[in-house]
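Let's take a walk through this one, from the local detail out to the whole chain. Have the viewer open as you read.

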Amino acid sequence: MPTDTICFVTTCRGRLAHLKQTLPLLVKQPGASVVVVDYDCPEKAGDWVEEAYPQVQVVRSGPAGYFELARARNLGAQAAKATQAPWLCFVDADAVLAPGFVEAIAPSLRPGHFYIAADSSGSISGMCFCTSADFASVGGYDVVLQGWGMEDKDLYRRLELAGVRLQRFPVDGVRMIPHGDDMRVRHYDLKRLQLSSSLNFVYCRAKWDLMSLGRQMEDEARRRELYELIGNGLKSAAEGGVPFRLRIPTSTKASVSGAVLSASLMYELGEIPPGRSDPATRSRPR
């Protein structure tokens with residue numbers, strides 16, 4: 001297997017303890033290189049990586065008020081171009097890979113496909129193999145997405161829309177380090193996990209629907225406008241304890257009789273439960 005068949009991209013902000021367990025196993029994978037993105041990590045993860053593993057490429061985001069996973073992964077993918085590895089693998093800092101994982105997976109990788117875990121219902125869902133060319137062709141991760149959830153599923157959907165076929169890899173060579181939801185949201189601006197995931201879910205669904213109707217969603221400003229619209233509506237609904245409703249007009253056309261037909265996309269989301277990661281419902285401070 002040629003050198004640098006795969007480049008692992010992992011990000012870190014406040015997860016240095018996890019990275020110290022997982023990076024050694026990434027580095028030992030034959031035929032693979034590693035990029036670590038230090039996203040303004042308060043524990044200075046990049047400094048530790050450079051000292052302990054000088055062969056690993058470190059990217060620093062610069063000052064950042066909170067963690068942005070989509071942007072962090074895009075920074076890592078950009079840096080990975082220097083390795084000339086045809087395949088990228090996005091892997092979280094808490095993913096423990098078994099020795100020989102790459103040797104087992106690499107022979108099954110085929111151009112025109114991307115690969116996610118066979119059981120992607122849990123925290124392993126964000127792990128993905130795709131070619132660097134396919135990743136670039138869809139614009140990478142959507143940096144408009146903030147907080148927890150959906151950045152992975154959004155990438156997968158856009159890869160499929162671009163004609164890249166979904167495949168799955170076995171998960172027996174991956175183990176996730178367990179941790180609570182408080183760690184998941186600690187470095188995000190929005191601390192309420194259920195609200196964050198709901199916002200990202202509605203946004204992605206609306207974006208996909210608009211794309212299916214032929215709307216061009218490449219413009220980041222347009223996507224941010226949609227995200228802000230949904231976010232404001234969801235937060236207002238959550239504060240009022242009422243369902244969220246959103247109407248997005250899509251077309252207006254007059255019939256031969258002169259009557260005007262208006263079409264819209266309609267979204268409704270039931271009341272969002274407070275959830276165990278809502279600071280207002282926790283008896284102990286973060």
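A contact here means heavy atoms within 4.5 Å. Keep in mind that this is a predicted model, where local features need pLDDT of at least 70, side-chain atom pairs count only at pLDDT 80 or more, and totals for chains, interfaces and linings use all residues. Residues are numbered from 1 along each chain as its sequence is written, and side-chain values use heavy atoms, with hydrogens and water left out.

Start at Ser197, which sits in helix α8 (residues 193-212); helices (H or I, at least four residues) and strands (E, at least two) are DSSP runs, numbered from the N terminus. Leaving aside residues up to four places away in sequence, Ser197 touches Trp148 and Met150. A polar atom of the Ser197 side chain also lies 3.1 Å from the backbone oxygen of Gln194.

Now hop over to helix α2 (residues 45-52), where Ala45, Gly46 and Val49 are buried (under 20% relative accessible area, with a 1.4 Å probe and protein chains only). These residues share one side of α2 because they cover an arc of only 95° around the axis, taken from the directions from the helix axis to the C-beta atoms. Their cover includes β1 (6-12), α1 (16-27), β2 (32-38) and β3 (57-60).

Zooming out, the protein has nine helices and 11 strands. Of its 286 residues, 50% are buried. Among contacts between residues at least 6 apart in sequence, 73% join residues at least 24 apart.

Technical notes. A polar contact is a pair of N or O atoms within 3.5 Å; within protein, one must be able to donate a hydrogen and the other to accept it, and residues adjacent in sequence count only if both atoms are side-chain atoms.
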